[in-house]
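Reader: I have a structure open and would like to learn how to read its features. Where do I begin?

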Amino acid sequence: MKLQLALDRLTREECIQILNDTQEAIDIIEIGTGVIKEYGMPIVREIRGLYPSKLIMADMKTCDAGRHEAIQAFDAGADIITVMAFSSKLTILETLKVAKEYGKRIMVDLLEVDSRDKIAELQELDVDLVSLHVGKDKQQEKGDFNTDLFSLVKGYDFEVTVAGGINLTTLPSIVKEKPDTVIVGSAITKAENPYDVATKMKQILNQ
Ligand SMILES: O=C(CO)[C@H](O)[C@H](O)COP(=O)(O)O
């Protein structure tokens, strides 16, 4: 299982420092939506320059103007971009088309999706990578990550990632569901020793 580090609610300097500290333990770098809103595509370019061989996901959370936003992020060096599941089919199809042209990927963010009809629709559109995602605001209401969320994609043939307040305590129950990638942000970035937490998490994912 892969470990994806989400860089959210951080300054540029903090992003660079945390990446420097944790790079050995992480498989995918996620440049978070808030960081992209603050610094734009230059930070995607900068991190690509610093880590030429790491996979980079730009958490664009695109929901319209799919072609334009996909080109922006892929040109800046992203390997994967996120597109919201509630977007129009045209937006999803356009981003998929651009990703194919660049030899890159889109990840459809299932934030607030609770219908398997929507999942079936995504599969019909040829989406192959999705993220089960409990939003930041919802985490405060619901507490720990609820693994029932995995039932949404059971029986479908997606590469599955999972995100939303995952920490060292909740990770073992998530691992049991065998996602392909676990996305962790604040449990690593706000830790006293990010390297230590990232390394422990990677060990659990490797078991
Ligand atoms: O997409 C995100 C926020 O929209 C984050 O990448 C995701 O929630 C992981 O961060 P954290 O572990 O802090 O919840």
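Predicted model: local features only at pLDDT ≥ 70, side-chain atom pairs only at ≥ 80, totals over all residues.

Reader: Which residues of H1 and H10 meet?

Author: From H1 come Ile18, Asp21 and Thr22, and they meet Pro194, Tyr195 and Ala198 in H10. By class, the residues of this contact of H1 with H10 divide into 4 nonpolar, 1 polar and 1 charged.

Reader: At what angle do the axes of helix H3 and helix H4 cross?

Author: The axes of H3 (residues 41-50) and H4 cross at roughly 30 degrees and come within 8 Å. Angles under 35 degrees count as roughly parallel, and H3 and H4 are therefore roughly parallel to each other. On the H3 side the contact is made by Met41, Val44, Arg45 and Arg48, and on the H4 side by Gln72, Ala73 and Ala76. The contact of H3 with H4 divides into 4 nonpolar, 1 polar and 2 charged residues.

Reader: Now the strands. In what order do the strands close into a barrel?

Author: The general idea is that strands of a sheet pair through backbone hydrogen bonds, either parallel or antiparallel. In this model 8 strands close into a barrel in the order S1-S2-S3-S4-S5-S6-S7-S8, and the pairing is parallel. On average, neighbouring strands of this sheet are turned by 25 degrees against each other, direction ignored.

Reader: How many bridges join strand S2 to strand S3?

Author: Strand S2 (residues 28-31) and strand S3 (residues 55-62) are joined by 4 bridges and run parallel. Ile31 has Ala58 in S3 as its bridge partner.

Reader: Which strands does helix H4 lie across?

Author: H4 (residues 66-76) lies across S3 and strand S4 (80-84), and runs at about 155 degrees to S3. Helix H5 (residues 89-102) lies across S3, S4 and strand S5 (105-109), and H5 runs at about 155 degrees to S5.

Reader: Last, the ligand. How many residues surround the ligand?

Author: The ligand is surrounded by 16 residues, the closest being Ala6, Ala163, Gly165, Gly185 and Ser186. Strand S8 (181-184) and helix H9 (186-189) each supply at least two residues of this shell. By class, the shell has 6 nonpolar, 6 polar and 4 charged residues.

Methods
Residues numbered from 1 in each chain as written. Near = placed C-beta within 6 Å. Nonpolar A, V, L, I, M, F, W, Y, C, P; charged D, E, K, R; others polar. Pairing = 2+ DSSP bridges. Axes fitted to C-alpha atoms, helices over the stretch in contact; angles between N-to-C directions. Contact = placed C-beta atoms within 7 Å. Parallel < 35°, antiparallel > 145°, perpendicular 65-115°, else oblique.
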